Amino acid sequence: MSRQDGSNREVTTTPVDDSRATMLHVDLDAFFASVELLDHPELVDRPVVVGHRSGRSVVTAANYVARRYGVNSAMPMSLALRRCPDAVVLEPHMSRYQDFSRRVMAIFNDVTPLVEPLGIDEAFLDVAGARRIHGSPAEIGALIRRRVETETGLTCSVGAASTKFVAKLASGRAKPNGLLVIPADDTIAFLHPLPVGALWGVGATTEQTLLRLGLKRIGDIANTPLSVLQAGVGEAAGRKLHDLAWGRDPRAVSVDREEKSIGHEVTFEHDVTDVARLRSEILRQADAVAARLRGAGLVGRTVVLKVRYADFSTVTRSRTLPEPTNVGRRIYEEVVAVFDALAASGIRVRLIGVRVEQLGSGDGAGLGLWDPDDDWREAELAVDTVTARFGRGAVKPASHLKPDRG
């Protein structure tokens, strides 16, 4: 949990060159406290502390009002209440936090499959491949913030940069409920004035060592000879801090592609028996999955159908394709064939889902001497272009349009 209290908040308000700022760090604002406040909106403007009101309890979380009194997570509750006697103490509900975390991570995965959760309330996202569908990194960051607030009632802060380290710093500066973009060419100017404690991996002990060496700002570390820095903090730590001080952070978002899948599913409000409606839903999901694959520059080899019936029994069926694809029509045709083999008169479906597995790079997909999906691929790429400009729903299959009853 961040100890940021919002007093040094910095956000992007004018257009910037975000073409290389494709690494996003998204952090939910005062997550545990914000979830509790959904049930207590009357307390939003009051200092709120999450934890057990007992002598040996510690603070689980605090909202930004409480943080301005010097109340932070992991602090003894007794100290927190001495610093802020008017604080309202709310009991924690871990199951609710886990539920909201799953919902937020689902939003992230809907934007890009390249998501690296750092815990229950934050994650790195690589959105380089998502730009075709969702726009620039700044637009994607704004989209994520809107969706999180609309779909969960929570707020989040987003940092966008060319590296993970700088993106994380930017999200912290944007708190609460802000977006800060650090263009790649402005990385050094952003980093060097910051205190040495802002560097990733600098704890209290290392910070004191650096201060004893006369190094107060990140720029001081950058301009210190590497040998001097290593003599003070150790060879490995010295090199790491020196690299970070110059904005060098080669780490990519860590995702296990072999186990990763992209999918959509829906639970119907009422059980569905109309086979035509179920086929239409499969088409909608296949198109959505394909768009996400193309946006991430991926293809998949295995398509999966998931069906949950009214009695909660669930079946999954899969097909492995001769060639990987990111074409919605191909995904639909394979999945609906599996569905037709399952469908029977009187079936009552509670949930249906489409998923693609065995993901890999989309470079060169569909470049054989004869590609049966070539026409569909060109049409769907054209739809991607329209969607990027006008938003989702601007173009849709004719089967999704309601007939004109005029």
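Two strands pair if DSSP finds at least two bridges between them. Strands here are DSSP runs of E, at least two residues long, and helices are runs of H or I, at least four long, all numbered from the N terminus.

Now the ground rules. This is a predicted model: local features need pLDDT of at least 70, side-chain atom pairs count only at pLDDT 80 or more, and totals for chains, interfaces and linings use all residues. Residues are numbered from 1 along each chain as its sequence is written, and side-chain values use heavy atoms, with hydrogens and water left out.

Start with strand 1, residues 23–28. What does it pair with? Strand 6, residues 122–126, pairs with strand 1 in the antiparallel sense over five bridges. There, M23 has D126 as its bridge partner. Strand 7, residues 156–161, also runs antiparallel to strand 1, joined by six bridges. In that pairing, V26 stands opposite V158.

Next, burial. Buried means under 20% relative accessible area, with a 1.4 Å probe and protein chains only. Six of the six residues of strand 1 are buried, so the strand is largely enclosed by the rest of the structure. In a regular strand the side chains alternate between the two faces of the sheet. Here both faces are covered: M23, H25 and D27 on one side, L24, V26 and L28 on the other.

Now to E281, in helix 13, residues 275–295. E281 is buried, at 13% relative accessible area. Leaving aside neighbours within four places in sequence, E281 is in contact (heavy atoms within 4.5 Å) with V266, F268 and I352.

Conventions. Buried means under 20% relative accessible area, exposed over 50%, partly exposed in between (1.4 Å probe, protein chains only).
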